[in-house]
Amino acid sequence: MILQNHMKKVIALASGTLAALALPLVSFAAINNLSDAGSFVINTINNVLVPVLFAIAFIVFLWGVFKTFIIGANSEEVKEEGKSLMLYGLIGFFVMVSIWGLVNILTGTVSFGNSAGPTSGTPKAGVQIGQ
(Lines give C-alpha, C1' and ligand atoms only; values in the text may rest on other atoms or scores of the structure.)
Protein backbone atom coordinates (compact mmCIF):
# COMPACT_ATOMS: atom_id res chain seq x y z
CA MET A 1 0.00 0.00 0.00
CA ILE A 2 2.80 2.37 0.87
CA LEU A 3 4.56 1.53 -2.40
CA GLN A 4 1.41 2.28 -4.41
CA ASN A 5 1.02 5.70 -2.75
CA HIS A 6 4.69 6.40 -3.35
CA MET A 7 4.39 5.39 -7.03
CA LYS A 8 1.34 7.63 -7.42
CA LYS A 9 3.33 10.55 -6.04
CA VAL A 10 6.26 9.76 -8.36
CA ILE A 11 3.98 9.54 -11.39
CA ALA A 12 2.25 12.79 -10.44
CA LEU A 13 5.61 14.54 -10.00
CA ALA A 14 6.91 13.14 -13.30
CA SER A 15 3.75 14.23 -15.11
CA GLY A 16 3.97 17.74 -13.67
CA THR A 17 7.64 18.00 -14.57
CA LEU A 18 6.96 16.78 -18.10
CA ALA A 19 4.15 19.29 -18.52
CA ALA A 20 6.35 22.11 -17.23
CA LEU A 21 9.19 21.16 -19.56
CA ALA A 22 6.90 20.71 -22.59
CA LEU A 23 5.10 24.03 -22.11
CA PRO A 24 7.77 26.16 -23.86
CA LEU A 25 7.49 23.89 -26.90
CA VAL A 26 3.96 25.15 -27.46
CA SER A 27 5.07 28.78 -27.59
CA PHE A 28 7.82 28.01 -30.11
CA ALA A 29 5.61 25.86 -32.31
CA ALA A 30 4.72 28.47 -34.97
CA ILE A 31 1.62 26.60 -36.07
CA ASN A 32 0.12 28.12 -39.22
CA ASN A 33 -2.17 25.37 -40.52
CA LEU A 34 -3.53 21.93 -39.68
CA SER A 35 -0.54 20.13 -41.17
CA ASP A 36 1.82 22.12 -38.94
CA ALA A 37 -0.35 21.29 -35.92
CA GLY A 38 -0.23 17.59 -36.79
CA SER A 39 3.53 17.71 -37.27
CA PHE A 40 3.95 19.50 -33.94
CA VAL A 41 1.87 16.94 -32.07
CA ILE A 42 3.62 13.97 -33.70
CA ASN A 43 7.09 15.46 -33.11
CA THR A 44 6.26 16.24 -29.47
CA ILE A 45 5.07 12.69 -28.91
CA ASN A 46 8.11 11.17 -30.65
CA ASN A 47 10.77 13.48 -29.21
CA VAL A 48 9.49 14.23 -25.69
CA LEU A 49 6.77 11.91 -24.47
CA VAL A 50 8.02 8.56 -25.79
CA PRO A 51 11.56 8.82 -24.36
CA VAL A 52 10.22 9.89 -20.95
CA LEU A 53 7.76 6.99 -20.86
CA PHE A 54 10.48 4.56 -21.97
CA ALA A 55 12.65 5.84 -19.12
CA ILE A 56 9.83 5.39 -16.60
CA ALA A 57 9.13 1.85 -17.84
CA PHE A 58 12.84 1.04 -17.65
CA ILE A 59 13.12 2.40 -14.10
CA VAL A 60 10.06 0.39 -13.01
CA PHE A 61 11.59 -2.74 -14.56
CA LEU A 62 14.95 -2.14 -12.84
CA TRP A 63 13.22 -1.48 -9.52
CA GLY A 64 11.40 -4.80 -9.93
CA VAL A 65 14.70 -6.59 -10.63
CA PHE A 66 16.25 -4.93 -7.58
CA LYS A 67 13.32 -5.94 -5.37
CA THR A 68 13.23 -9.50 -6.70
CA PHE A 69 16.91 -10.39 -6.53
CA ILE A 70 18.41 -8.11 -3.87
CA ILE A 71 15.75 -6.94 -1.41
CA GLY A 72 13.56 -10.04 -1.72
CA ALA A 73 16.31 -12.60 -1.33
CA ASN A 74 14.71 -13.89 1.88
CA SER A 75 11.08 -12.85 1.48
CA GLU A 76 8.69 -14.47 -0.97
CA GLU A 77 6.21 -11.58 -0.64
CA VAL A 78 8.83 -9.01 -1.69
CA LYS A 79 9.90 -11.30 -4.55
CA GLU A 80 6.32 -11.40 -5.83
CA GLU A 81 6.08 -7.60 -5.67
CA GLY A 82 9.34 -7.35 -7.61
CA LYS A 83 8.12 -9.83 -10.21
CA SER A 84 4.92 -7.86 -10.68
CA LEU A 85 6.92 -4.63 -11.10
CA MET A 86 9.10 -6.34 -13.70
CA LEU A 87 5.95 -7.47 -15.50
CA TYR A 88 4.50 -3.93 -15.38
CA GLY A 89 7.75 -2.57 -16.81
CA LEU A 90 7.68 -5.08 -19.66
CA ILE A 91 4.02 -4.31 -20.36
CA GLY A 92 4.95 -0.62 -20.41
CA PHE A 93 7.71 -1.33 -22.95
CA PHE A 94 5.32 -3.32 -25.14
CA VAL A 95 2.60 -0.67 -25.02
CA MET A 96 5.06 2.14 -25.77
CA VAL A 97 6.65 0.32 -28.72
CA SER A 98 3.17 -0.40 -30.08
CA ILE A 99 2.01 3.20 -29.72
CA TRP A 100 5.27 4.53 -31.14
CA GLY A 101 4.89 2.23 -34.14
CA LEU A 102 1.29 3.35 -34.68
CA VAL A 103 2.31 7.01 -34.49
CA ASN A 104 5.07 6.43 -37.04
CA ILE A 105 2.67 4.57 -39.32
CA LEU A 106 0.26 7.49 -39.01
CA THR A 107 3.05 9.93 -39.79
CA GLY A 108 4.10 7.99 -42.87
CA THR A 109 0.54 7.46 -44.08
CA VAL A 110 -0.78 10.99 -43.62
CA SER A 111 2.64 12.52 -44.36
CA PHE A 112 2.42 15.48 -42.02
CA GLY A 113 4.71 18.31 -42.99
CA ASN A 114 4.82 17.30 -46.66
CA SER A 115 3.07 20.32 -48.18
CA ALA A 116 4.60 19.83 -51.64
CA GLY A 117 2.68 16.63 -52.36
CA PRO A 118 4.22 13.60 -54.00
CA THR A 119 7.81 14.28 -54.98
CA SER A 120 7.88 12.09 -58.07
CA GLY A 121 4.85 13.57 -59.84
CA THR A 122 1.99 11.44 -61.09
CA PRO A 123 2.33 7.67 -61.08
CA LYS A 124 3.03 6.06 -64.46
CA ALA A 125 2.05 2.61 -65.62
CA GLY A 126 4.67 0.02 -66.39
CA VAL A 127 8.09 -0.77 -65.01
CA GLN A 128 10.48 2.17 -64.82
CA ILE A 129 14.09 1.06 -64.59
CA GLY A 130 17.01 3.44 -64.30
CA GLN A 131 15.15 6.72 -63.91
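**Exercise 1. Find the residue that forms a salt bridge with lysine 67, and work out which parts of the chain the pair ties together.**

Step 1. Start with the rule: a salt bridge is a side-chain nitrogen of Lys or Arg within 4 Å of a carboxyl oxygen of Asp or Glu. Side chains of opposite charge can pair when their charged atoms come close.

Step 2. Apply the rule to lysine 67. Its partner is glutamate 81, and the closest N and O atoms are 2.7 Å apart.

Step 3. Helix α2 covers residues 34-69. Helices here are DSSP runs of H or I with at least four residues, strands are runs of E with at least two, and both are numbered from the N terminus.

A word on the model before you go on: it is predicted, so local features need pLDDT of at least 70 and side-chain atom pairs count only at pLDDT 80 or more, while totals for chains, interfaces and linings use all residues. Residues are numbered from 1 along each chain as its sequence is written, and side-chain values use heavy atoms, with hydrogens and water left out.

**Exercise 2. Decide whether lysine 67 and glutamate 81 are buried, partly exposed or exposed.**

Step 1. Set the cut-offs: buried is under 20% relative accessible area, exposed is over 50%, and partly exposed lies in between (1.4 Å probe, protein chains only).

Step 2. Lysine 67 has a relative accessibility of 7%, so it counts as buried. Glutamate 81, at 30%, is therefore partly exposed.

Step 3. For context, 15% of the 131 residues of the protein count as buried.

**Exercise 3. List the other salt bridges and give their spacing in helix α3.**

Step 1. The count to reach is 3 salt bridges.

Step 2. Glutamate 76 pairs with lysine 79, their closest N and O atoms being 3.9 Å apart. These residues are 3 apart in helix α3, so about one helical turn separates them. Glutamate 76 is exposed at 54%, whereas lysine 79 is partly exposed at 22%.

Step 3. Lysine 83 and glutamate 80 meet at 3.9 Å, N to O. They too are 3 residues apart in helix α3, which means about one helical turn. Lysine 83, at 43%, is partly exposed, and glutamate 80 is partly exposed at 46%.

**Exercise 4. Classify the aromatic pair of phenylalanine 58 and phenylalanine 93.**

Step 1. Rings of Phe, Tyr and Trp (its six-membered ring) pair if their centres lie within 6.5 Å; planes under 30 degrees apart are stacked, over 60 edge-to-face, and the rest tilted. The structure holds 3 aromatic pairs.

Step 2. The centres of phenylalanine 58 and phenylalanine 93 are 6.5 Å apart with 55 degrees between the planes, and the pair is tilted. It links helix α2 with helix α3 (residues 76-110) across 35 residues.

Step 3. Phenylalanine 58 is partly exposed at 44%, as is phenylalanine 93 at 22%. Phe54, Phe58 and Phe93 form one aromatic cluster.
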